[in-house]
Amino acid sequence: MTTAGTPPAPVTGPLSGVRVVELAGIGPGPFAAMLLADLGADVVRVDRPGGVGLGIDPACDVTNRNKRSLVVDLKAPEGSERVLDLAERADILVEGYRPGVAERLGVGPRECHARNPRLVYGRMTGWGQDGPLADRAGHDVAYIALTGTLGMIGRPDEPPAVPANLLGDYAGGSLYLVVGVLAALHHARATGTGQVVDAAIVDGTAHLSSMIHGMLAAGGWQDKRAANLLDGGCPYYGTYETADGGYMAVGALEAKFYAEFLRLLGLDGLASARTDRTRWGELRERVAAAFKARTRAEWTAVFDGSDACVAPVLSLREAPDHPHLAARGTFTEHEGITQPAPAPRFSATPATLRTGPARPGADTAAVVRDWGLPAHPTDDCDDLVTDGG
């Protein structure tokens, strides 16, 4: 844990020297700020008294790694001034409140840009800053439901399958916010003028389906679940259960990969079934029966080293030990927590995992010193440091 008085770990990464203020929230905002921090930015998380976390020990909330924290009560008279002092010295600010909340707290774009015209003000919401639903509460599953993407996922005779909160919060939300604020930062450095980035999960998630909409317009995609090449409708692109209750993932789309897949699976007489949809039912049954004859480990060994595009479906705890991921260092362990390593990778400015999750308020003195903030009566108050739980 980084504490006041402890020198920060050396910073590398392409965003080294970029200062980011994160107004604490949950979900896509913290993940976006973590990505910026992983890439080398100095991210200061402004936590609220009492915390706002996931209900887990803050020491395990890896979305707060590589950050520093101070606690500010934005409802107190001096709270907004504290945030504005940070915004004045920052390149990027990230907030995930409902529309209008930051303005009511006195830390909206107008107030921040009055202090720092170059600031990139990133806003992360589900519905966006305007529109009929802008003021409504919501979560990932509702956002992706309206975009048509949730309705694409799952079997046709079952409810749509919920993809955790990866599709909406993190893919359609966090990653689009990061792209947006970095593009705006490039503009600000070229022109001296900051701007507001409105990153809405509904917009980003809809954007992710661009290829599908093109296929739909061309008649190459049916607007229903499990009826298409990439949504489980195709018998050589999906998952199959093995003898021990495990699963294998199959993606043998191209003809040569499909031929290799059939050969290793021990099936014959099915070459023409690849392009003959009238035989897809037969193909699926025979493939399913074949996979059920052996365990996941046995099938993994059969397909190892081949171009059949088949892989075992691993659990979260199994994934870090897969030989390929272990060789690449896709996962790492820090302070006793196994977690994904920073991504993507850079040849000249590698990203690093420098510190574990920031504890609320633990870095106040260091941030005040490093950012040159005006002194504040609560700077030395130890009771602001919380362990949560």
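Is N66 buried or exposed, and what is its relative accessible area? Once that's settled, walk me through the backbone there and then the packing elsewhere in the chain.

Analyst: Keep in mind that this is a predicted model. N66 is buried, because its relative accessible area is 5%, and the cut-off for buried is under 20%. The residue sits in the loop between strand 2 (42–47) and strand 3 (67–71). Its backbone deserves a look too: phi of N66 is near 60 degrees, a positive value in a residue that isn't glycine. For background, most residues other than glycine have a negative phi, and most peptide bonds are trans.

E335 is another non-glycine residue with a positive phi, near 55 degrees, and it lies in the loop between strand 10 (331–334) and strand 11. E335 has 45% relative accessibility, so it counts as partly exposed, whereas N66 is buried.

Two prolines round out the loop story. The peptide bond running from A343 to P344 is cis, with omega near -5 degrees; P344 belongs to the loop between strand 11 (337–340) and helix 13 (364–371). P99 is in the loop between strand 4 and helix 3 (101–104), and it counts as buried because its relative accessibility is 15%. What does P99 touch? Leaving out residues up to four places away in sequence, its contacts are R104, T125, G128, Q129, A134 and D135. With D135, the separation is 36 residues in sequence but 6.4 Å in space, C-alpha to C-alpha.

Now zoom out. The protein chain has 389 residues, 44% of which count as buried. It is built from 13 helices and 11 strands, and its C-alpha atoms fill a box of roughly 80 × 45 × 40 Å along the principal axes. If you take contacts between residues at least 6 apart in sequence, 67% of them join residues at least 24 apart.

On to the cores. The largest nonpolar core has 29 residues, and V20, L36, I92 and V120 have the most contacts inside it. Two or more residues each come from helix 1 (28–38), strand 4 (92–95), strand 5 (120–125), helix 6 (166–191), strand 6 (195–200) and helix 7 (201–208). Helix 6 gives the most, with six residues. V120 shows how these pieces meet: setting aside neighbours within four places in sequence, it is in contact with D91, I92, L93, V181, A184, L185, A188, Q195 and V197.

Helix 6 also packs against two other helices. In general, a packed pair is described by the angle between the axes and the distance between them. The axes of helix 1 and helix 6 come within 9 Å and cross at roughly 50 degrees, which means helix 1 is oblique to helix 6. That crossing is right-handed. On the helix 1 side, P28, F31, A32, L35 and L36 take part, meeting D169, Y170, S174, L175, L177, V178, V181 and L182 of helix 6. By class, this contact has 11 nonpolar residues, one polar and one charged.

With helix 7, the axis of helix 6 comes within 8 Å and the crossing is at roughly 100 degrees, so helix 6 is roughly perpendicular to helix 7. Here helix 6 uses L167, G168, D169, A171, G172, G173 and Y176, while helix 7 brings I201, G204, T205, H207 and L208. This contact divides into five nonpolar, six polar and one charged residues. A second, separate core has 24 residues, including A252, Y258, F291 and A308.

Y258 leads us to helix 9 (residues 255–265), where F257, Y258, F261, L262, L264 and L265 are buried. An α-helix has 3.6 residues a turn, so residues three or four places apart point the same way. The cover over the buried residues of helix 9 includes strand 8 (247–251), helix 10 (280–291), helix 11 (296–303) and strand 9 (310–312).

Technical notes. Residues are numbered from 1 along each chain as its sequence is written. This is a predicted model: local features need pLDDT of at least 70, side-chain atom pairs count only at pLDDT 80 or more; totals for chains, interfaces and linings use all residues. Side-chain values use heavy atoms; hydrogens and water are left out. A nonpolar core is a set of buried Ala, Val, Leu, Ile, Met, Phe, Trp, Tyr and Cys residues joined through side-chain atoms within 4.5 Å. Buried means under 20% relative accessible area, exposed over 50%, partly exposed in between (1.4 Å probe, protein chains only). Helices (H or I, at least four residues) and strands (E, at least two) are DSSP runs, numbered from the N terminus. Contact means heavy atoms within 4.5 Å. Axes are lines fitted to C-alpha atoms, for helices over the stretch in contact, and angles run from 0 to 180 degrees between N-to-C directions. Angles under 35 degrees count as roughly parallel, over 145 as roughly antiparallel, 65 to 115 as roughly perpendicular and the rest as oblique. A crossing is left-handed if the near helix is turned anticlockwise from the far one by less than a right angle, and right-handed if clockwise. Ala, Val, Leu, Ile, Met, Phe, Trp, Tyr, Cys and Pro count as nonpolar, Asp, Glu, Lys and Arg as charged, and the others, Gly among them, as polar.
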